[in-house]
Amino acid sequence: MIPPLGDGRHLSREGLQQCLGEGGPPAVKIDGARVAYLVIEPAARKLSLRTPLAKNRLPDLSAYQNISAAVVHWEGARWCQISIVGDFILEAYPLLMAIADRIQLEGADSASATTASLDAFRELLAAGRVLSAERQMGLFGELLVLEHILNRAPPEAAIACWRGPLGEEHDFDVGEGDVEVKTTTSEGRRHWIGSLGQLCPSVGRPLWLASIQLTGAGIGGTSLAELIARIENRLTGNAIEAFNDKLLVVGWTDQYTRDAARLRRRSAPAIYAVDDAFPAITSRELERLRLGADKIVQLTYMLDLSSVSMAEEAPNLIKDIASEESP
């Protein structure tokens, strides 16, 4: 049975729930001047918008964790498929329909329609979002590391290294391993660790911690907005778009340019190897000590690195960061 349409074109929320819960057609046609289908995969908790591939171009969704784009071959043709996966697909459904409307009612291609719809949703969500002073400081530290990587890698590769905004466990993938950036304004190298996984190396990949110490700079130093502009000035084309997408994901908007704190480095950054000798509390360590890692699911603690030896070797992209002049 074809589930009910909500507005004559789109499947209603109730109809979508019916397809997800009771079964229904795997592909529901969306009426319009240009062909489009809603593809429903209940077992995978996956919802997709399928439209003819235009200009052999897919939208760049690398800054997002739960939405992806792919070329699929279906009914003898190549299609652009925008997919959302997760338990929140009911809430995400209006986004796919907004993309479909831009394609069918405004004549946009799939890539442009997807980018424009995501921009509109981000602006809506960012309007009431607060980027705390603590998160701004953390972002400042990550961007200092990103700026350094730009000295050693092409712009697009450098921006791709920055993984923190994608919700991944560690802030940077530098090829040779991962880097977690921790930023503090304390006199000592004291950092809050927010989870059991934050200092847990991924399987088969070494992990380093970059410790950044900042201090207030009065009328000197650099504001976060100035640091962002400085990085943007070194980027071109796709790298600028990818950088701005990631800034929006973490919650940065122009509202934070007003009354922004000005910061400078208190000391040179320090790089530590997060190995067996490093003082970290992880789920693996709890399991080793038989402390019930399956029951202790969240732990926050402060780490003092003042007396911890720095790494003798560091990845090429960050190995000389300590010798770089302070901004």
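The legends below describe close-up views of a predicted model.

**View 1. The largest nonpolar core contains 41 residues.** Leu143, Leu146, Ile149, Phe172 and Phe243 are the members that touch the most others in this core. At least two residues each come from α4 (133-149), α5 (155-161), β7 (178-184), β9 (207-216), α6 (224-232) and α7 (237-250). Helix α4 gives the largest share, eight residues.

**View 2. Ile149 is shown with the residues it touches.** Apart from residues up to four places away in sequence, Ile149 touches Ala158, Phe172, Val174, Leu317 and Ile318. Among these, Phe172 is, like Ile149, one of the core members that touch the most others.

View 3. Cys80 counts as buried because its relative accessibility is 0%, under the 20% limit.

**View 4. Leu16 lies in helix α1 (residues 13-22).** With 0% relative accessibility, Leu16 counts as buried. Leaving out neighbours within four places in sequence, the contacts of Leu16 are Leu11, Ile40, Leu47, Leu90 and Tyr93. Leu16 and Ile40 are 24 residues apart in sequence, and their C-alpha atoms are 8.4 Å apart in space.

**View 5. Cys19 and Cys80 are both shown as buried cysteines.** The relative accessibility of Cys19 is 2%, so Cys19 counts as buried. For Cys80 the value is 0%. A search of the whole structure finds zero disulfides.

Terms used. Residues are numbered from 1 along each chain as its sequence is written. This is a predicted model: local features need pLDDT of at least 70, side-chain atom pairs count only at pLDDT 80 or more; totals for chains, interfaces and linings use all residues. Side-chain values use heavy atoms; hydrogens and water are left out. A disulfide is a pair of cysteine sulfur atoms within 2.5 Å. Buried means under 20% relative accessible area, exposed over 50%, partly exposed in between (1.4 Å probe, protein chains only). A nonpolar core is a set of buried Ala, Val, Leu, Ile, Met, Phe, Trp, Tyr and Cys residues joined through side-chain atoms within 4.5 Å. Helices (H or I, at least four residues) and strands (E, at least two) are DSSP runs, numbered from the N terminus. Contact means heavy atoms within 4.5 Å.
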